[in-house]
Amino acid sequence: MSNPATPPTVGLLEQGPELIFPPGFLWGAATAAYQIEGAAAEGGRTASIWDTFSRTEGRTVGGHTGDVACDHFHRMPADVKLMAELGLRSYRFSISWPRVQPGGSGAANQEGLDFYRRLVDELRAHDIEPWVTLYHWDLPQELEDAGGWPARDTASRFADYAKLAHDALGDRVRYWTTLNEPWCSAFLGYGSGVHAPGRSDGGDAVRAGHHLMLGHGLATQALRAGAADAEIGVTLNLYPVTPASDSPEDADAARRIDGLANRFFLDPILRGQYPADLVADLSPVSDFGHVQDGDLAVISTPLDVVGVNYYSRHVVAAPVEGVEPEKYWRAPSCWPASESVRFVTRGVPVTDMNWEIDAPGLLETLRRVHEEYTDLPLYVTENGSAFVDTVVDGRVDDTDRLAYFDAHLRASHEAISAGVPLRGYFAWSLMDNFEWAWGYTKRFGMVYVDYDSQLRIPKSSARWYAEVIRRNGLAAQ
């Protein structure tokens, strides 16, 4: 299903790799179930919140859904073969909760589990390390109907599901991520409502964030009970947050957004506590009465690795009386009790998502996590960019994306040189896919997908990345 045409030489590796990564550095790419699998009503799978959300008028661009997506459910063997052709050493994918446990409770759906067994076996046959993410935003709709993540019981249901998945795959999967980007699940799903399930309540967002972390802790304990040698972690989307000026007011705005974007999750998971200033900031929407005795001990259950998803930097400024905050791409309401903080654009190059390109921010983020929070091994579990791609003579020369990867890999190498225990890097994404509320209008993939024919065309960035993996390094600049 792939087009083996080799794009023109890009030139970034012609001098030979002089920035060498450590032996055993794990080179991979990542995807998510709802974004690529399709087969939304096949094999016993029931609806997730993203099925419901995307089928609701006005929720996604063009009314796009993940019903078919990249049809990976049916094309999986060919997709794994393509991964092998690109030299991937690891593949990070998510399991669809409603595919393996329809409705979010009860017995496992063996037909759904069989798909992931086949996927893992196919990866192993091609010497590609499987890296499982248990939750990439596809909550079974029945659990949302029962209250969703703001309801405490959902955390327990998640732990039960984690055990089902591990019982089926634990003999062949070493790496397990509990949650992917709980900030998005909580604050985009329940705060701004721009992601599924589309609810807009700051208090619900705070409760959802806590119960996501509680579910993470309970799932970690369930996984550990099933396999002491499993490598268990969580993936957080983290951002350096910079004040727009050196004024005390802008510094306070940065403190507030850093609290919501980063410390809301880092501190409970890695320190077993909520930051006092964050709790005070959120007092207009939550009294934190949902936090029960023992919760933070569960949430901070020891991990083996920490995943960092990095895309951009936040630059923020204090509110100005009479001036409405700039409409930020994630909407002001995803920052409860700090909606009036202004997000400032700096006039630097941006991706097709209008996210500023800031590779030094990745170095800053990795160093912060290591120096302030943990000595655990770190992995960049997502990093990538959307650009407008065009097929010309059977090729896609995505030089902007290639340059993005190159810059961020240089920042990753610099982090390693600075003593950060960075052990791997996963490009986002393996292939173009359903980009959530943006539908099929944004392309993040290293592999171009023609959604009509399902033809896969490796872009220039894919061939370049394959050479980086082969050489385990980058050319000096």
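Me: Which residues of α7 meet which residues of α9, and what makes that a contact?
Reply: A155, S156, F158, A159, A162 and H166 in α7 meet H211, L214, G215, H216, L218, A219, A222, L223 and G226 in α9. Contact means heavy atoms within 4.5 Å. By class, this contact has nine nonpolar, six polar and no charged residues. The model is predicted: local features need pLDDT of at least 70, side-chain atom pairs count only at pLDDT 80 or more, and totals for chains, interfaces and linings use all residues. Residues are numbered from 1 along each chain as its sequence is written, and side-chain values use heavy atoms, without hydrogens and water.

Me: Why is α7 called roughly parallel to α9?
Reply: Helix α7 (residues 153-169) and helix α9 (residues 202-226) pack at an angle of about 30°, with axes 8 Å apart. Angles under 35 degrees count as roughly parallel (over 145 roughly antiparallel, 65 to 115 roughly perpendicular, the rest oblique). Therefore α7 is roughly parallel to α9.

Me: What makes N472 buried?
Reply: N472 is at 17% relative accessibility, so N472 counts as buried. N472 lies in the loop between α15 (460-471) and β15 (473-475). Phi of N472 is positive too, near 55°.

Definitions and conventions:
Axes are lines fitted to C-alpha atoms, for helices over the stretch in contact, and angles run from 0 to 180 degrees between N-to-C directions. Helices (H or I, at least four residues) and strands (E, at least two) are DSSP runs, numbered from the N terminus. Ala, Val, Leu, Ile, Met, Phe, Trp, Tyr, Cys and Pro count as nonpolar, Asp, Glu, Lys and Arg as charged, and the others, Gly among them, as polar. Buried means under 20% relative accessible area, exposed over 50%, partly exposed in between (1.4 Å probe, protein chains only).
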